[in-house]
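This briefing is intended for a reader who is meeting the structure for the first time. Please keep the sequence and the model in view while reading the points that follow.

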Amino acid sequence: MNTLRFLAIIPARYASTRFPGKPLAILDGKTMIQRVYERVSSEIQDVYVATDDDRIASEVMRFGGKHIMTSPLHTSGTDRCYEAFTKINGSFDVVINIQGDEPFIYPEQVSLLKNCFNDSETEIATLVKPFSHEDIVDNLATPNTPKVVITKDNYALYFSRSIIPYKRGTDRHIWLQSHTYYKHIGVYAYKHAVLKELTQLEPSSLEKAESLEQLRWLENGYRIKVGITEHETIGIDTPEDLEQAIAFLKKNK
């Protein structure tokens, strides 16, 4: 396992419908992209930001990070990751994809992704977090939080914006107390040859139905190993999310 060489790529674009310039937003004195970079680089030696914007590239150089310029035409972080991978010198076995709007990613979560490749069968890895038994069913039901069901040996069976599994014959308000539900944490790692194959797949019917890219991979027969984390990450999609993140930082100093 320890002979595998890992490369971490952080896709970051400036143009965002809901939050333009998001990677450069300031969280308690540091840009979001710097916070992501520092957390990932505490676990991975080789880390690059993959961007299509000179302003983000300049910020990465300012704090001493490494970057790769990529096409502005990519429709997914997976495609941007693969282009960056082809441009980075070095021989890497596994590519880790951490989105540039995850400033609270825990180093232990990056390590957990790496450990998924202790299983030689692992092609792709991702993370899930159990919902708390004290959570409310409305948080389970929101389509903004994809859910995952997994096998006994921790491979993903399916991802959905709906509640899965449906607990037949049980009041929905006690579903969380009677079953362990998992929310998806959207970070990935891929064997480099698999990453190339994924970028060549056409969008699938399940992916289009749920608007979840990982369903394209499952529908084409790829297996996704799942690491289970107890840490919550806070993705930032809007300026309102940023305000919540700043409050979170102040509270947890």
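Ser211 has a relative accessibility of 53%, and because exposed means over 50%, this residue counts as exposed. The model is a predicted one, and Ser211 sits in its loop between helix H8 (205-210) and helix H9 (214-219). The phi angle of Ser211 is near 55°, a positive value in a residue other than glycine.

**Other backbone and loop features**

- Asn154 also has a positive phi, near 65°, and is a residue other than glycine.
- The loop that holds Asn154 lies between E8 and E9.
- Asn154 has 25% relative accessibility and therefore counts as partly exposed, since that class lies between the limits of 20% for buried and 50% for exposed.
- A cis peptide bond leads from Ile164 to Pro165, and its omega is near -5°.
- Pro165 belongs to the loop that connects strand E9 (156-160) with helix H6 (175-178).

**Overall form**

- The protein contains 10 helices and 11 strands.
- The C-alpha trace spans about 55 × 40 × 35 Å along the principal axes of the protein.
- Of the 253 residues in the protein, 50% are buried.
- When contacts between residues at least 6 apart in sequence are considered, 68% of them join residues at least 24 apart.

**Surface and charge**

- The protein has an accessible surface of about 12400 Å², and carbon and sulfur atoms account for 48% of this area.
- There are 30 positive and 34 negative charges in the protein, and the mean positions of the two sets are 1 Å apart.

**Strand E10 and its partners**

- Strand E10 covers residues 182-191, and eight of its 10 residues are buried, so the strand is largely enclosed by the rest of the structure.
- Strand E7 (residues 124-130) runs antiparallel to E10, and seven bridges connect the two strands.
- Within this pairing, Ile124 has Tyr190 of E10 as its bridge partner.
- Strand E6 (residues 94-97) is likewise antiparallel to E10, to which four bridges join it.
- Val94 finds its bridge partner in E10 at Lys191.
- Strand E8 (residues 147-150) pairs with E10 through two bridges, in the antiparallel sense.
- In E10, Tyr182 is the residue opposite Val148.

- E1 runs parallel to strand E4 (residues 46-51), and six bridges join the pair.
- Ala12 of this pairing has Thr51 in E4 as its bridge partner.
- E1 is also paired with E6 in the parallel sense, over four bridges.
- Phe6 faces Val94 in E6, and Val94 is also the bridge partner of Lys191 in E10.

**Helix H3**

- Helix H3 (residues 77-87) is mostly covered, with eight of its 11 residues buried.
- The buried residues of H3 are Gly77, Thr78, Arg80, Cys81, Tyr82, Glu83, Ala84 and Phe85.

**Pro239 in helix H10**

- Pro239 is located in helix H10, which comprises residues 239-251.
- With a relative accessibility of 36%, Pro239 counts as partly exposed.
- Apart from neighbours within four places in sequence, Pro239 makes contact with Arg18 and Phe19.
- Pro239 and Pro20 are 219 residues apart along the chain, while their C-alpha atoms are separated by 9.4 Å.

Key:
Residues numbered from 1 in each chain as written. Predicted model: local features only at pLDDT ≥ 70, side-chain atom pairs only at ≥ 80, totals over all residues. Heavy atoms only, no water. Buried < 20%, exposed > 50% of the residue type's maximum accessible area, 1.4 Å probe, protein only. Pairing = 2+ DSSP bridges. Contact = heavy atoms within 4.5 Å. Areas by Shrake-Rupley, 256 points an atom, 1.4 Å probe, with all protein chains shown as cover. Lys, Arg positive; Asp, Glu negative; His and termini not counted. Charge placed at Lys NZ, Arg CZ, Asp CG, Glu CD.
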